[in-house]
Amino acid sequence: MDPNALYECLTSLSCIVTQTSTGLIVGSLLFLVAAGLTLIFGVLKVINFAHGSLYMLGAYIALSAYRITDSYVLAAVIAGAGVGLFSVFFERFFMRKVYNADVLLQLLVCYAFILILDDAVKIIWGHEFQSMGMPAAFQAPPVFIAGGIVPVFYLFMISAAALIGLVMWYVMTRTRIGKIVRAAAHNPTMTSVLGLNTTWIYAGVFAFGGALAGLAGALAAPVRSMSPGMGFSILIESFIVTVIGGMGSVSGALVGALLIGLVRSFGSIGFPLFVEGIMFLAMALILVLKPSGLLGKEPR
């Protein structure tokens, strides 16, 4: 523990800018993964324990697509679409069978797919660590803000996550699609009576949640190494985010993700050996003081 180093950073504007940008990119990735996870839970009332593997799959698909197309943006779109399509397959043929089952059975189905996807990655892409490297479009000098160093790709990641978040907010609150999704989440029986196909609503929500995880994996590919099983760590952090923000609350996922991202960034300076502990401590405090999460709805 080195609280003096943290104090020196907090009194230096350049350090604050640098660490904040680092925290924001971590928060951006966590938000995309956690938003898909909490959206699926909010509508389908099921926890997709395989969500981290969709993140991993998105990273590897983006890697292959980038090597073929040499366009990072196109590779990210292909990764999101590819994971979205796989999510439809996963939901239609497997998760749909256990919607009303015990949570243990849901966990077993998801865990089976975690192992299947890990082995599939080993067969297709190999056991070794792989890296996309920084795409040529982002190999530019970093931006200096108040003496702090912010890589260009960081700005792109933060902007992309913010844009996706704004689109989600608009669709869910201002469009007919959003009203239908919220109706299906609140009262699926009445939604069916009104002539809406809840089966395809559920499939669409699951696919969209999976696509968000795939996009997060594609965004992480240039700055993180890839290996089989890489989805486990971000799945744990995503659960922490959803618990802190509130299960089923996308806005809560945003708040929780930014909070955890900043805790990781600044905590690595002052408490480098206790960063993980701080995250779990924050989750434990939320569970004790406000079990529904910061922005979650209290159960009736």
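Biologist: In this predicted model, is the crossing of α10 and α12 left-handed or right-handed?

Modeller: Let's start with where the two helices are: α10 covers residues 231-245 and α12 covers residues 275-289. Their axes come within 9 Å of each other. As for the hand of the crossing, it is left-handed.

Biologist: Are α10 and α12 roughly parallel or roughly perpendicular to each other?

Modeller: Their axes cross at roughly 30 degrees. Angles under 35 degrees count as roughly parallel. So for α10 and α12 the word is roughly parallel.

Biologist: How many residues in the contact of α10 with α12 are charged?

Modeller: On the α10 side we have I236, E237, I240, V243 and I244, and they meet M279, F280, A282, M283, I286 and L287 in α12. Sort those residues and you get 10 nonpolar and no polar. Glu counts as charged, and the number of charged residues here is one.

Biologist: Now α5, residues 103-125: how far apart are its end C-alpha atoms?

Modeller: Helix α5 has 23 residues, and at 1.5 Å a residue they should span 33 Å. The model agrees with that, because the end C-alpha atoms are apart by 32 Å.

Biologist: Which helices do the buried residues of α5 pack against?

Modeller: Quite a few residues of α5 are buried, including V109, F113, L117 and W125. Q106 and D118 are buried too. The helices that these buried residues pack against are α3 (51-69) and α4 (72-93).

Biologist: How many of the 32 residues of α2 are buried?

Modeller: Helix α2 runs over residues 13-44 and reaches 44 Å from its first C-alpha to its last, close to the expected 46 Å. It is mostly covered. The count of buried residues in α2 is 23 of 32.

Biologist: Is A146 buried or partly exposed?

Modeller: A146 sits in the loop between β1 (143-145) and β2 (148-150). Its phi is also a positive value, near 50 degrees. Buried means under 20% relative accessible area. A146 has 44% relative accessibility, so it counts as partly exposed.

Biologist: Which residues is S265 in contact with, leaving aside its neighbours within four places in sequence?

Modeller: S265 is found in helix α11, residues 250-270. At 4% relative accessibility, it counts as buried. Beyond those neighbours, the residues in contact with S265 are Q19, T20, T22 and G23.

Terms used
Residues numbered from 1 in each chain as written. Predicted model: local features only at pLDDT ≥ 70, side-chain atom pairs only at ≥ 80, totals over all residues. Heavy atoms only, no water. Axes fitted to C-alpha atoms, helices over the stretch in contact; angles between N-to-C directions. Helix = DSSP H or I, 4+ residues; strand = E, 2+ residues; numbered from the N terminus. Parallel < 35°, antiparallel > 145°, perpendicular 65-115°, else oblique. Left-handed = near helix turned anticlockwise from the far one by under 90°. Contact = heavy atoms within 4.5 Å. Expected span 1.5 Å × (residues − 1). Buried < 20%, exposed > 50% of the residue type's maximum accessible area, 1.4 Å probe, protein only.
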